[in-house]
Amino acid sequence: MFFGAGGAAALLLSGCADRQNTLAPHSSAARSITTLWWVMFIGSTIVVMVVSLLVVLAFLRRRGSLDHVEARGESPRARNAVLVSGALVPAVVLTILFVYVLTSVPATAEPKPKDAKLTIDVGGKQWFWTVRYPAQHVTTANELHIPVGVPVRVRVHTDDVIHSFWVPELNRKIDMIPGYDNSVLLEADRAGVYRGQCAEFCGLQHANMAFYVVAEPRAAFGRWVAREQRPPAAGAPGATLFTQVGCGGCHTIAGLSTGTVGPDLTHVGGRMTLAAGTIPQTRADLERWIGDPQHIKPGNKMPALHLTGSQIKRLAAYLESLR
Amino acid sequence: MSTVVGREELERLELLWAERSGLKTFLTTCDHKKIGTRYLVTSFVFFVAGGVAALTMRTQLATANGGIVGPKVYNELFSMHGVTMIFFFVTPMLNGFGNYMVPLQIGARDMAFPRMNALSYWIFLASGLFMYSSFLVGAAPDDGWFNYTPLAEHAFTPGRNIDFYNLGLLFLTVSSTVGATNFLVTIFKLRAPGMSLNRIPLFCWGIAAQSFSLIFALPALSAANIFLELERRFGFHFFDRANGGDALLWQHLFWIFGHPDVYIIFLPAVGIVSTIVPVFARRSMIAHDWLALATMATAFIGFGVWVHHMFATGLSNVTYAFYSAASMVIVIPSGVQIFGWLATLLKGRPVIRSPLLYILGFVVTFVIGGVTGVMFAAIPFDQQVTDTYFVVAHFHYVLFGGAVFPIFAAIHYWYPKLTGRMLDERLATWSFWTFFVGFNLTFFPMHVLGLLGEPRRVYTYHSGFGWGIWNLISTIGAFTLAAGILGTVVNVVRSRRAGAVAGPDPWGANTLEWATSSPPPEYNFPSIPVVRSVDPNWDVEDRRDDIRRLEHAELTLTGGHETIGTDWLDGNIEEVHEGPAESPWPLLLALALSWFFLAFLAGHWVLAGIGAALTAAAVGGWQLKEPGE
């Protein structure tokens, strides 16, 4: 699909960024769900085949006539067969399935704080994601970086309506509901870029509320944290323009502005996409976005700014430099 | 009846029951057959409207980055598609068959409360028009049929959209409650002499189970609608966290209604299946009593499974385990029913005709929807695929497979009774296979889409996820399905004149609606039939007795709009039940209520007060004796 310069290196680690495939798990949690699926799929196929076969047999029965009633009343044998195949067999099969389901629940259950090595706070907001690493003092948006093989606890909350945090290849989804402290475990067993998407309808741009989880080796993760912790260089040429035209009213750039309506842009140049996975993050796309955000993501909270061509170019260059 | 037996009695009945054609009768009739037909036609029109919304959405999603509609229109389309299909098509369509067939199947001359019956139709129509008028002012409900808060609160959806939703559903609820009460009293008090509890036709059991469920489930929905409307219009705080409310309260209230609603839709449809299977298997239903019991058990257990719609909300695992178990238990009554039908077919000598084709199609699709339903009881799997296209696939297999297939079976089965004409069997067969193939092409790929991670309710998607091809197949399927439906519409319209004459009982069927002419006379039965088995129309001698009774003017009830009231358990005669003839009050009451709801929507409290006063006046007028009574 599309990735900016920042994401290209990460993408090289794995080709899986363009997927949200629940059948291609990359963590033990997601794998346990996939196994559950295949077990149920096989069982279901048998049930559907048996019933379909009986329907076909009904087609093949010797035909009767509408002028004639073949039989009246009950058939005790058939009646017993109905009870055995319709009630008894399902009861046994479902009891077994239920026990299996209960044993599979812990794998995807909410992680205990003591089991996690890293905690990330993710917030849902119409229509992007806020991301904060409380212990590392890192704030970003629409992109999570996690170390491979480390249990990471993602605490979720919402700033407005209900959203749902979901990275299918890493774990089940978890709703973000006002006033509820929910969390989910992310523990990737391979380096790669995993796509996630809001899974609870949240209004006009629910479709364009995606994010990426970049799972990387510990050393690379450490470098990313260090980079994110560094404030952007002060006095960059586009910074004045950024505040002048009002961008700072909605966006935070550490040391420059504190807006919270839109995503944090402190290191936006290092991210892979713009507008929560709507378009790639390249210079050209930045210019396109700044020039006409309502065309690209209708209804999003960023107004048309009516900037001149050269202003747009300077802003895009500035934002791209924020790595 | 072509003979001269009981001519005098027939003439008296004719005089008592015949309704003049004309506008006045059109507006005031309380005949359950006319009302039933209206339900069928009106809800089919809503079906077409909901279908057009579906085809628009499928066109939009046929390819990645589709540009047919924008997000606003798309959100209105999927919201109104759900609202329409659930509230204004499937349920009222099944009620249409119920209205027409229940009195006939139990050997009565009308519903217990004919005027309330007319009232429930007029309110259904008015609330449907109310809901659809939202399009005219560009404010159709756009937060889904499930309408979750806080998105549906004023802060996030400030237009009138959600007020249309709340008030429209409250309005409709009046109709559903009135209708459900009427069905229950009719089924339990007006059965033909001898029709004891164990001889009630399974379609009537389906309608009874539906009515029980409606009466207990609708208050939860109404509470939710009222709370939300109070919150939106008067600043109450039921759902808003910042002021001590709770967003999950909406979800609980909605699904306490919403899951039983699945069975509200499904159980009458199951009743249709149980009606048609023995007729075309040419033998009595096997385990008839177990099937009746399974119907009621499903309705009951259906109230204990709602939290499986909330497995991703982060409630405790103990809670989830309970609802997971309940969601599995509910499979068992369905299992009994499925194997009851299969056993009946396999022990009988099936005659393959279009109604049975739809039933066999139903069995296969419903079982597929059933097994994926079990998957949603498996907590972690639910948490993975809920709110993806896998759910969309699942519930269309259950609701379209489980209810619309039986509805189409019923159209083909009962058409001769309603019109006196047969449908064209060749066209019907072609339509069925187009319908069946189209259905599976549309909805089967959605399982794959869900597993590949496509969320529901997205107006667009990027290319490169492997979703494009499955979406395209689904869209092609949707148009194929539409062609199959169109085939049936053409058949229904054409056969009205061109169809072969049906006669009273073209299928050699076992229930009482076939014991009278097609279409039935206004008084249904010249002499109320007396029942001695579960397949009364196969008791040839009993039906001859009916004619003999007519000859002796027994049970002909020519004292007015009369039918027999029996005791609920054994079907022993208790009384002669008299009903009204035509009445203007149902329509006037529905109009007064429409006034009230429109004024309330507009926020004009004086006019709303006048509407409430008019409603009270119409209820008062209702208590007056009818002219000519």
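Leaving aside neighbours within four places in sequence, which residues is B:Ala409 in contact with? Select B:Ala409 and find out: B:Ile272, B:Ile276, B:Pro355, B:Tyr358, B:Ile359 and B:Phe362. Contact means that C-beta atoms, placed from the backbone, lie within 7 Å.

This is a predicted model: local features need pLDDT of at least 70, side-chain atom pairs count only at pLDDT 80 or more, and totals for chains, interfaces and linings use all residues. Residues are numbered from 1 along each chain as its sequence is written, while chains are lettered from A and ligands numbered from 1 in the order in which they are written.

**Stop 1**

Buried means 20 or more other C-beta atoms within 10 Å of the residue's own; exposed means 12 or fewer, and partly exposed lies in between. Helices (H or I, at least four residues) and strands (E, at least two) are DSSP runs, numbered from the N terminus.

**Stop 2: all of chain B**

Zoom out. Chain B has 19 helices and 2 strands. Its radius of gyration, taken over C-alpha atoms, is 25 Å, close to the 25 Å that the globule rule gives for 629 residues, so chain B is as compact as a globular protein of that length. The rule is 2.2 Å times the number of residues to the power 0.38. The C-alpha atoms fill a box of roughly 75 × 60 × 50 Å along the principal axes. Of the 629 residues, 62% count as buried.

**Stop 3: helix α10 of chain B**

Select residues 317–329. Which residues of α10(B) are buried? They are B:Tyr320, B:Tyr323, B:Ser324, B:Ser327 and B:Met328.

**Stop 4: the contact between chains**

Show both chains. The contact takes 82 residues from chain A and 75 residues from chain B. On the chain A side, α3(A) gives the most, with 18 residues.

Methods: Contact = placed C-beta atoms within 7 Å.
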